[in-house]
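Try each task by eye before reading its solution.

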Amino acid sequence: MSALIEARGLTKRYGGFTAVDEIDLSIDEGEVFGFLGPNGSGKSTSILMMLGLTEPTAGTVRVCGHDPARNPLAVKRQVGYLPESVGFYGDLTGAQNLRFTAELNGIPRNEAEPRIAELLDTVELEDAANQPVAQYSRGMRQRLGLADVLLKRPRLVILDDPTLGLDPAGIVWLLGIIEELSARQGIAVFLSSHQLQEVQRVCHRVGIMSHGRIVLEGTVASLTAQTDAGGFRITLKVEGANAALDGALAALPSVREASRAGIDVVIESDEDVRAAAAAAVHEHGARLLEMRANDRTLEDIYLRYFQEAVA
Amino acid sequence: MSALFWKELADHFGRRRFTLLLGLVALGLVWGAFVDLGALAASGRRFFFLDVFTTTAGVPISLLSFLSFFGPVIGIALGFDAINGERTQGTLARLLAQPLHRDSVYNAKFLAALLTLGLVVASMMIVVIGLTMFRMGIAPTGEEVVRLTGLGLVTVAYLAFWLALAITASVLFRNTVTSALASIGMWFALGFLITLLGGVLADRIVPEIETTDDAVRHVNVESWAGRVSPAGLYSEATSILLDPIGGRALNLFTIEPERLEGLLSTPVSAGQSLQLVWPHIVVLVAMVAVLLAVSYVRFMREEIRA
């Protein structure tokens, strides 16, 4: 079985600026892939190339076995795409908008009607089906967008930042749908986002984009292991800390860095120095309120690339 | 493509633009009712159904001049937000994610607007002709029918030019307001300025008119400058079509003066008039084709970012 998305050295340059820099990707049938990265890291541009909405400068991408630039129709028949800010015809109702999409996809009327009703039900818009979309809220539009994408019974769904502008309940709901799509219907989901929590929960695999490159790729578990490199981060809450204590903590063996803001102290080290740190706090007459050692989470990794992008 | 075509057509006849289109037909109704047919009959001319379109008797401005001045507004109104309107609405990316070719989007939009223009022009002309028949109690002759059909075709081609211009602007400019303003700017430039410039140019090239030759050259320079503009082409073509006697005056100066008198009292046949306006129609269609080609190339290669 070949991959649904297969990108090799995919590159997009705008003049002298390289938006996407030789990325390699492979998405399998039924997989949920989280495409993460800060704004402007080249996520959307990569997606546009996968759909033939812009031409790659170099490299190749094949979606469902077809080249989207040469044979866009074959790709678009099998792929549902929810753009970053999805729009509908405001003077048509939700159901009418879906009917139009069904017509564009050549779905016969008698098949389309029950399917539209079913999808409106899935996205919980059955009550608003006959309201003009102009009256829809942002969340409702997003949900209608999801119904619109699923109408053609796609093999692969590409969602460009679908949680943008959704409230927390809406995000949870959306993630539930995504999980169900992949688990029950075997639809592969390519999910681009700059929010992390959601991705950790529903994705089988993630890729992190930074400055147009995929800097990390793999399962969430393998990524944390990959970047952890045996390091520890120990956080303490200390009452009555002083400069002498700061010095003592920084001087502990294997400590790379120790910093303090108010009562919060963060120690980065190669080994577990909790016992030594507790002893040092006690020695300097301060009181230890709380201490935790955590592994680097995906969020830390992500934040690091985020900060790099900002800097 | 047909799904999009019908949706576009429904849009044009939908509430947004319907008032405008209806207004044009209503105008035909008013003109048809108020044109002073008595004055036309008294002038002793033989072509009532043609004169109804060109006369100013009983109405402030002839129907034809009105079409020539304000027809472009209709063409522009149907096209200025064709592509960038979808973009602003956020529907363009969604539309192009469906299995249809990019050129289908473009073609469906152009054809739906063109058909709308055709229907509106035809309705308006039928209203005017119908009213005139009702008031006069006579039917148009075969010759008049041929000429009026020609007028309808030239008018649609003329409006199609402004439609194509507006669609091109909607591809080139991201903002619907910008494209509307650009289209209206072009309307002023091509509709009015060129005609004025033609006069200036003719005065420059032929400063003093002393002989018949000078007069011929002056008129030639002026009319060639006018032919750069679709409005110039349109007024030339319609005057040939609607005035079987005077319309040939275009070539007035190439005819020997002693033959002129006899010629001017005999109308030319409809076939000959059509032959005369054929180049005008071809040039108008060619202008449309050039505009469409420009926006087509641009749109096909464009990046569709949501």
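The exercises below go through this predicted model, each with a worked solution.

**Exercise 1. Work out how helix 9 and helix 10 of chain B are oriented to each other, and which residues meet.**

Step 1: Start with the axes. Those of helix 9 (residues 142–172) and helix 10 (residues 176–205) of chain B come within 8 Å and cross at roughly 140°.

Step 2: Classify the angle. Angles over 145 degrees would count as roughly antiparallel, so helix 9 of chain B comes out as oblique to helix 10 of chain B.

Step 3: Check the hand. Helix 9 of chain B passes helix 10 of chain B in a right-handed crossing.

Step 4: List the residues. Helix 9 of chain B brings Trp162(B), Leu165(B), Ala166(B), Ala169(B) and Ser170(B), which meet Ser179(B), Ala182(B), Ser183(B), Met186(B) and Trp187(B) of helix 10 of chain B. By class, that contact has seven nonpolar, three polar and no charged residues.

**Exercise 2. Now do the pair formed by helix 10 and helix 12 of chain B.**

Step 1: Here the axes of helix 10 and helix 12 (residues 230–242) of chain B come within 7 Å, crossing at roughly 80°.

Step 2: Leu190(B), Gly191(B), Ile194(B) and Thr195(B) of helix 10 of chain B make the contact with Pro230(B), Ala231(B) and Gly232(B) of helix 12 of chain B. Sorted by class, the residues are four nonpolar, three polar and no charged.

**Exercise 3. Which strands stand at the edges of the six-stranded sheet in chain A, and what lies across the sheet's strands?**

Step 1: Trace the order. The sheet is open, reads 5-6-7-3-8-9 in chain A and has mixed pairing.

Step 2: Find the ends. Strand 5 (79–82) and strand 9 (213–218) of chain A each have a single partner strand, so one side of each lacks a neighbour in the sheet. From one strand to the next, the twist averages 15°.

Step 3: Zoom in on one pair. Strand 3 (residues 32–36) and strand 7 (residues 188–193) of chain A run parallel, joined by five bridges, and Gly34(A) stands opposite Leu191(A).

Step 4: Helix 5 (residues 138–150) of chain A lies across strand 5 and strand 6 (156–160), at about 165° to strand 5. Helix 6 (residues 168–185) of chain A lies across strand 3, strand 6 and strand 7, at about 155° to strand 7.

**Exercise 4. How many residues of chain B are in contact with chain A, and which helix gives the most?**

Step 1: Count both sides. 18 residues of chain B contact 21 residues of chain A.

Step 2: Helix 1 (2–12) and helix 7 (91–96) of chain B each supply at least two residues of chain B's side. Helix 7 of chain B gives the most, with four residues.

Step 3: That side of chain B divides into nine nonpolar, five polar and four charged residues.

Note on methods. Residues numbered from 1 in each chain as written. Chains lettered and ligands numbered in written order. Predicted model: local features only at pLDDT ≥ 70, side-chain atom pairs only at ≥ 80, totals over all residues. Contact = placed C-beta atoms within 7 Å. Nonpolar A, V, L, I, M, F, W, Y, C, P; charged D, E, K, R; others polar. Axes fitted to C-alpha atoms, helices over the stretch in contact; angles between N-to-C directions. Parallel < 35°, antiparallel > 145°, perpendicular 65-115°, else oblique. Left-handed = near helix turned anticlockwise from the far one by under 90°. Pairing = 2+ DSSP bridges.
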